[in-house]
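Reader: I have a structure to look at, and I would like to know what stands behind the words used for it. Please set each word against its definition.

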Amino acid sequence: MAGSLLLLIVLFLLQESWPAFQHVGLSSYFNDSDWYPTEDLYLLTPMLWGTVWATLGSVLLAAPLGILSALFIQYYAPPLLAIIYRRLIELLAGIPSVVFGLWGLVVLVPLIARWHPPGPSLLAGILILFLMILPTITLVAQTSFAQIPVSFLHSATALGLSRWSIIRKVVFPTAKAGIITGIFLGVARALGETMAILMVCGNIVQTPSHLFDPIRTLTANIALEMAYALGNHRSTLFVSGLLLMAMVVLFVMMAESLRHRNLDAATKY
Amino acid sequence: MLPQNTSFQERCSTMMIWFSAGLITLVFLWLLGDLFWHGWAQLSWSFLFSSPQNAGREGGIGPILFSTGLIIGVCMTVALPMGLSTAMFLAEYTQDDHRLGRLIRGSLDVLAGVPSIVFGLFGNALFCQAFGLGFSILSGGLTLACMVLPILIRTLEESFRAIASEQRLSAAALGLSRSTTLGCILLPAAIPGLVMGSILGLGRAMAETAALIFTSGYVDRMPESLMDSGRSLSVHIYDLAMNVAGGNPNAYATALVLVGLLFIINFCASWMAEQWTPLNQLPA
């Protein structure tokens, strides 16, 4: 059932993007002079860079903070505070992306505009994506911390190690696979995110040269132009959908294989 | 709790961790507070039931709530039976190392990660164009059904697997057929999981925007049938914030309604999660 659904999706995307492969060809996506679908110019690289930079930036921010807040829940916070904080993070994991987008548009973008105009920018996108993937990274990392056998921590304590040394020398190496799984899942979410990024990034087709440049991501491109796209243009959008799906699937599969390895490792002791 | 001592490094790391947790809490409280502050002023009973006027700047969200309900209804009526049968197959008819079962589970993991905009593209190509449904509540609901299937199947499968195997063995010892066992013993025992899975799927479907724009469309009238285009709450927020100048107050109010609904849904799900575990255990 599910397998056939997946196959169906891939088949349909391929079928719809086939005309583009035939008439436009892969090379034009990287070699055309610009993105002007009405004049048959289909340069996808600015959007690709937009997606890559926004994802990279948000993950670089969210990974350390996510791990720190997972440590906070597991080892530092008093029990009651840990439960409240975890509930808060879970609540945030459930907030729809369009609400993050609304907040970003109304609060964050004007703030950035006051600091360095124009407001809608790569930076706004990075910050919003950071807030959206932080819960994922925190929750997965915390789960893998919780799976560490208590005997490890007890022996380390008996050896007289301090709290931070235990975290660095025992907790991190043991939970490594779990932490990386969380980061990969975060990357996958950031790559596929559409609405929030569409609302705060400005959507101008250009390769960003610094943080305050407006960008357009692959997902935003699909959402913006699908409504009126016809012929090769429409097929090109399906090609970018296919590309996105390939990237996301790659990260999800890496995350899954790591998670299984982590589980095997944890059950060994 | 790990040991505490007061070396310099130790104090630095402790401070860093408390600081980052505090920072994150502050940002999130800011977000929620902002939403509540701006949304609450607009919220009233008439806002919930009247129709939007002047492109949504004034008036309420009555028809939009109704369309959201219809889309979710279509989604769940399609996804539940399909999810239930797949989960039964996975949990009761395949072993862990069964090749088909592994293939299905693998593709479920992948499906769960596919970006919603890609589901939107797929739904547009299959339901709107190939099936000729156009921009309609039906195609939106069907697209969402494809999206929630992975999460639904996973929860249902877990709940079937959580049933003690003594129940299956006793049923077999009593000479019940496999289908009778499934229908009369395992299904009732899995009902809490069924409810929880559908609540989770409901939450995911309700939060969705990107998959709906090109499948169920933008029309904010009261839909007359399932073939009409209808706007969901999330699409309404997007449209008010991006395309309608001066739509922000009502966008905030709609966002507050949506987050409130999701909060209730999540609360129900975690309440169910606490309730259902004991039900499946056999008395020792």
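Reader: What makes A:Arg216 buried or exposed?

Author: A:Arg216 has a relative accessible area of 11%. Buried means under 20% relative accessible area, exposed means over 50%, and partly exposed lies in between, with a 1.4 Å probe and protein chains only. A:Arg216 is therefore called buried. This is a predicted model, in which local features need pLDDT of at least 70 and side-chain atom pairs count only at pLDDT 80 or more, while totals for chains, interfaces and linings use all residues. Residues are numbered from 1 along each chain as its sequence is written, chains are lettered from A and ligands numbered from 1 in the order in which they are written, and side-chain values use heavy atoms, without hydrogens and water.

Reader: What does A:Arg216 form with A:Glu225?

Author: A salt bridge, as the closest N and O atoms of A:Arg216 and A:Glu225 are 2.9 Å apart. The term asks for a side-chain nitrogen of Lys or Arg within 4 Å of a carboxyl oxygen of Asp or Glu. A:Glu225 has a relative accessible area of 5%, so A:Glu225 is buried.

Reader: How many salt bridges does a search of the whole structure find?

Author: Over all chains, the search finds 6. Another one joins the side chains of A:Arg86 and A:Glu90, at 3.2 Å from N to O.

Reader: Why are A:Arg86 and A:Glu90 separated by about one helical turn?

Author: Because they are 4 residues apart in helix 4 (residues 79-93) of chain A. Helices are DSSP runs of H or I with at least four residues, strands are runs of E with at least two, and both are numbered from the N terminus.

Reader: Which residues of chain B meet in a salt bridge at 3.0 Å, N to O?

Author: The side chains of B:Glu157 and B:Arg161 do. These residues are 4 apart in helix 6 of chain B, which means that about one helical turn separates them. B:Glu157 is at 4% relative accessibility and so counts as buried, whereas B:Arg161, with a relative accessible area of 35%, is partly exposed. As for networks, salt bridges that share partners join A:Arg86, A:Arg87 and A:Glu90 into one.

Reader: What makes A:Arg163 and B:Glu10 a salt bridge?

Author: Their closest N and O atoms are 3.9 Å apart. Across the interface of chain B and chain A, the rule finds 1 salt bridge. The rule also finds 5 residue pairs in polar contact there, both residues being at pLDDT 80 or more. A polar contact is a pair of N or O atoms within 3.5 Å; within protein, one must be able to donate a hydrogen and the other to accept it, and residues adjacent in sequence count only if both atoms are side-chain atoms.

Reader: Which helix gives the largest share of the side of chain B that touches chain A?

Author: Helix 1 of chain B, with 19 residues. By class, that side has 47 nonpolar, 16 polar and 5 charged residues. Ala, Val, Leu, Ile, Met, Phe, Trp, Tyr, Cys and Pro count as nonpolar, Asp, Glu, Lys and Arg as charged, and the others, Gly among them, as polar.

Reader: How many residues of chain B are in contact with chain A?

Author: 68 residues of chain B are in contact with 72 residues of chain A. Contact means heavy atoms within 4.5 Å. The area buried between the two chains is about 6,300 Å², and carbon and sulfur atoms give 81% of it. Buried area is the accessible area (1.4 Å probe) that two parts lose on being put together, summed over both.

Reader: Where is B:Thr215, and is B:Thr215 buried or exposed?

Author: B:Thr215 lies in the loop between helix 10 (210-213) and helix 11 (233-243) of chain B. Its relative accessible area is 0%, so B:Thr215 is buried. Residues up to four places away in sequence aside, B:Thr215 touches several others, including B:Gly120, B:Cys128 and B:Phe135.
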